[in-house]
Each structure stands twice: as C-alpha cells, then as structure tokens.
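Colleague: Got the model open. Can we go through the charged side chains?

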Amino acid sequence: MFTTPSGFSPHLACAEPGEEEEAPQEGPGPGACLADGPPITSASLDTLIQNLVPTADYYPEKAYVFTFLLSARLFIPPPELLARVCELCIKQQQLDQSPLDTAKVRKFGPKILQLLTEWTETFPTDFRDEKMVGHLKDIIHRIAPCDEAYWKTLNQVLQKLSQRLALMSQGEESIVKVSLNASSISDKLVAFKTKPPPIQKDMLSICNDPYTLAQQLTHVELEHLRHIGPEEFVQAFVQKDPLDGTQVNFYFELCFLQPAKKKQRAQVIEFFIDVARECFNIGNFNSLMAIISGMNMSPVSRLKKTWGKAKTAKFFILEHQMDPTGNFYNYRTALRGAAHRSQTANSNRERIVIPFFSLLIKDIYFLNEGCANRLPNGHVNFEKFVELARQVGEFMTWKQVECPFEEDRAILHYLHTAPIFSEDGLYLASYESESPENQVEKDRWKALRSNVLGKT
C-alpha cells in the first residue's frame with residue numbers, strides 16, 4: 001500500500017506581451033519595516049539595495065535578504081553589491097568621520113554584523129572572491145573602535161566561513177572523483193554471458209532488501225543535493241547551463257540488463273519496482289523517477305520476454321504517480337503531501353522531501369524565461385524574484401535535512417562506483433540479453449559490436 005507523501009505551487013502569473021502593467025511600486029525606505037508596508041512588486045535597483053542596508057533602527061526582513069541576495073547577482077556582481085552596501089553604511093553612519101558617534105555605531109554594529117553573517121551562511125561561495133572578504137573586513141575595521149567585540153564576532157564569522165568553504169570543496173572533489181571512477185569503466189562493455197565479474201557484480205548480491213536500498217539511495221541523493229547552493233540556480237540562467245542529474249537513469253538500466261537469464265532479469269525488475277515504491281513512501285521522488293525512467297528507456301522496455309516473466313502491477317501504479325499528464329499533476333499532488341508532512345514532522349524520517357530534480361529545474365527555468373527581469377520602465381521585477389526565492393528556499397529547506405537512516409558502506413560504495421554506460425553500451429547489453437527482432441535492430445547490433453567491442 002502506498003502512503004501519500006508532494007508540489008510546487010503554480011508559477012507566478014506574468015503579464016502577457018501587450019497586457020497593461022500595474023504601476024510600479026517603490027519599496028519603503030530603509031527606516032521602515034518591509035513587512036509593515038505593501039509588498040514590493042517592483043523597484044529600481046538602487047532602491048532595492050537601499051532596502052538591504054541596515055541602520056541603527058532598521059533591519060530588513062530575513063525573507064527580503066535572501067530574495068535580494070539570490071536575485072541581485074543577475075544585475076550586479078556580489079563584490080560590487082557588497083561594496084555598494086558598505087559605501088551606503090559608511091555614508092549613513094558617518095563612519096569616515098572622527099570621532100565616531102559611539103552610541104549610534106553600537107546600535108548599528110550588531111545589525112551590519114547580522115547581515116554579513118546571513119550572507120556568509122547562505123551564500124558562502126560569494127566569499128571565495130577575496131574582494132568580498134576585503135569589504136567585510138573593512139566595514140568591521142571602521143566600527144571596531146566603538147566595541148572591540150566586533151573583531152571577535154568577525155573572526156568567528158570568518159572561521160565558520162572558512163570551515164564551510166573547506167567542506168564544500170571536499171564535497172565537490174568527492175563528486176568529481178566518483179564521476180571519474182564511474183566513467184573510467186566507459187563503454188568497453190563485454191557481453192555479460194561471456195565475462196561476468198568483478199565490475200559487473202549485480203545489485204542483488206550486495207543488497208536484496210528494497211527498503212534498505214531505498215534508504216541508501218536517499219543518502220546518495222541528499223549528499224548530492226547538499227553541495228548545491230541557492231546561487232547555482234541563478235548562475236545556471238546566466239550561463240545557460242542547467243543543473244542536471246540524469247546519469248543515474250543509465251545506472252538503473254544497467255542493473256536491469258546485467259543478469260544473463262530472463263528469469264533473473266525479471267527478478268531484478270520486480271526488486272527495483274519495490275525499491276521505487278519504498279522511495280515514494282520515504283519522499284525520495286528523484287530516485288523513484290530515475291528507476292521508472294530507467295525501466296521505460298528503450299534498451300530495457302524492448303525486453304519483451306523479460307517483462308513477460310515479471311509481475312508489474314505495482315509498477316503501473318508507480319508510473320501513474322509520475323505520469324507527466326497535466327504537467328505532472330499526480331506527482332505535484334504527492335509532492336505537496338510530502339512537503340506538508342515535512343512541515344509538521346516530529347522526526348527527520350518524516351521531513352525527507354527529495355523532489356524530482358529535473359522538473360524542479362524546469363519549473364525554475366520557465367519561471368525565469370516566462371517573466372522579464374526588468375519592467376519597461378527599467379525597474380526590477382521583484383515579484384518574479386519573490387517567487388524564485390520561494391521555490392529555491394523550499395528546496396534549500398529540504399536539502400538540509402539530516403538523513404536518518406544508518407549508512408551501509410558496502411551498498412554506498414557499490415552505488416558510488418558502479419559503472420555507467422552510454423546509450424550505445426546499454427543497447428549492446430540489451431541485444432546481448434534478447435536478440436534483435438528486426439533488420440534495423442540486427443544492423444544496429446552489428447554496428448555496436450564493431451564500434452564498442454571491436455568485433456565483427
């Protein structure tokens with residue numbers, strides 16, 4: 001029985017070309033709490049920067065800080081933005097005057113430190129640029145004469161930042177290492193019937209419990225998501241280089257194609273149907289979709305004799321849940337359920353939400369493409385970026401959940417080092433498993449044996 005864990009709310013409604021725009025609204029001044037005034041729908045970049053700058057009596061809402069720091073990089077590089085913020089602080093607080101107004105600076109100091117702390121914690125990669133650290137140190141140097149504790153706070157912020165960046169670098173290196181290990185096996189695929197092992201050890205010999213494998217896949221997914229920063233979604237727009245994560249489909253395809261006998265292949269298919277069901281119940285929609293996609297790709301779906309041996313009723317239920325009809329309506333309903341469960345959870349087990357990542361990227365991509373960054377009068381379309389921040393912020397909350405399942409190092413090692421073959425390699429394995437049925441397939445098989453295996 002399937003539990004119903006769920007989606008992204010509808011995209012921000014954007015004016016169609018030719019529709020009349022509402023009158024742009026300037027945001028409230030820096031002395032006003034943004035929450036007390038009307039929501040900012042649009043404003044000049046200068047106004048938005050001014051709203052970010054704290055004063056002795058004002059600090060922007062946390063949601064505003066995240067939204068603006070996320071989206072501002074589309075208009076101004078982070079080092080230039082921080083330089084502008086520091087310039088405004090110096091001017092407004094008269095930090096270039098001597099002597100300083102100690103009472104005023106002591107009210108302002110904690111607020112600028114709070115802003116810089118939020119920035120370093122949420123967007124740490126911005127501070128890989130030495131200019132960012134230089135601006136940070138300069139502004140603290142100006143207020144430190146009024147309270148030596150500011151230096152201590154700065155050192156703590158820099159220490160945490162250094163640790164966070166070091167961890168991120170280690171994570172990035174480990175991802176590259178795993179990718180290189182997998183790709184090194186490449187397409188030199190030998191027919192499984194003639195050359196079994198050790199590389200081609202099948203999954204069932206490592207783990208034969210669907211729930212355990214679903215748990216370990218959840219570990220892998222969360223570890224991968226942990227290294228994705230919010231700014232990467234925006235940078236992908238600028239570089240036209242969408243974030244991706246589809247190689248896992250080819251890994252699952254390989255699992256289905258490995259066994260030499262159709263009865264064994266049918267058992268593997270049934271096993272992974274159960275794994276997919278457990279992923280659904282956990283809230284791991286990305287692994288669920290990877291398994292379903294792997295089964296539906298041609299090298300696997302063409303194995304009619306194998307599918308004839310497998311019990312597939314549960315598979316069709318899962319397929320229905322991930323049906324793309326109605327813009328993935330069923331999946332989005334399930335995702336909303338999982339998100340609600342996560343919000344009211346009493347344990348990390350119930351907090352797990354791993355969205356179908358490719359669809360998340362597609363949603364954010366179409367939000368970006370469907371709505372202009374600036375309005376005709378040059379103002380920033382801030383309403384668009386509020387929605388962008390909502391979607392990215394939701395993802396950031398989900399990815400920070402600690403995986404509650406115990407790690408199984410043998411399974412994780414297998415998942416990290418299992419070979420990943422290209423489409424040609426997978427088709428060759430498919431034809432080796434069940435012979436080509438028509439002349440087109442026979443010709444392709446012959447060409448693949450020649451190109452991949454060097455056989456004629």
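**Charges on the model**

Colleague: Lys-263 to start: buried or exposed?
Modeller: Lys-263 counts as exposed, because its relative accessibility is 59%. Exposed is over 50% relative accessible area, buried is under 20%, and partly exposed lies in between (1.4 Å probe, protein chains only).

Colleague: How far do you trust local detail?
Modeller: This is a predicted model, so local features need pLDDT of at least 70 and side-chain atom pairs 80 or more, while totals for chains, interfaces and linings use all residues. Residues are numbered from 1 along each chain as its sequence is written, and side-chain values use heavy atoms, without hydrogens or water.

Colleague: Where is Lys-263 found?
Modeller: In helix α11. Helices are DSSP runs of H or I with at least four residues, numbered from the N terminus.

Colleague: Which residues gather in the positive patch?
Modeller: Lys-262, Lys-263, Lys-305 and Lys-309 gather there, on the surface. α11 (262-282) and α14 (304-309) each give two or more residues to this patch. Patch members have over 30% relative accessible area and no salt bridge, and like charges are joined within 9 Å. Each Lys charge is placed at NZ.

Colleague: Switching topic. How many salt bridges?
Modeller: The count comes to 16 salt bridges. Each needs a side-chain nitrogen of Lys or Arg within 4 Å of a carboxyl oxygen of Asp or Glu.

Colleague: What does Glu-441 pair with?
Modeller: Glu-441 forms a salt bridge with Arg-302, with the closest N and O atoms 3.2 Å apart. Glu-441 lies in helix α22 (residues 439-452) and Arg-302 in the loop between α13 (298-301) and α14, so the pair ties together parts 139 residues apart in sequence.

Colleague: Are those two buried or exposed?
Modeller: Glu-441 and Arg-302 are both buried.

Colleague: And Arg-390, what does it meet?
Modeller: Its side chain meets Glu-394 in a salt bridge, 3.7 Å from N to O. Arg-390 and Glu-394 are separated by about one helical turn, because they are four residues apart in helix α19 (residues 382-399). Arg-390 is partly exposed at 29%. Glu-394 is buried at 18%.

Colleague: What about Asp-424?
Modeller: Asp-424 forms a salt bridge with Arg-444, the closest N and O atoms being 3.9 Å apart. This pair links distant parts of the chain, with Asp-424 in helix α21 (residues 423-433) and Arg-444 in helix α22, 20 residues apart. Asp-424 is partly exposed at 37%, and Arg-444 is partly exposed at 29%.

Colleague: Last one. Which residues are linked in a network?
Modeller: Salt bridges link Asp-274, Arg-277 and Lys-314 in a network.

Terms used:
Patches are made of residues with over 30% relative accessible area and no salt bridge: like charges are joined within 9 Å, nonpolar side chains (Val, Leu, Ile, Met, Phe, Trp, Tyr) within 5 Å. Accessible areas come from the Shrake-Rupley method with a 1.4 Å probe; for residues, only the protein chains shown count as cover. Lys and Arg count as positive and Asp and Glu as negative; His and the chain ends are not counted.
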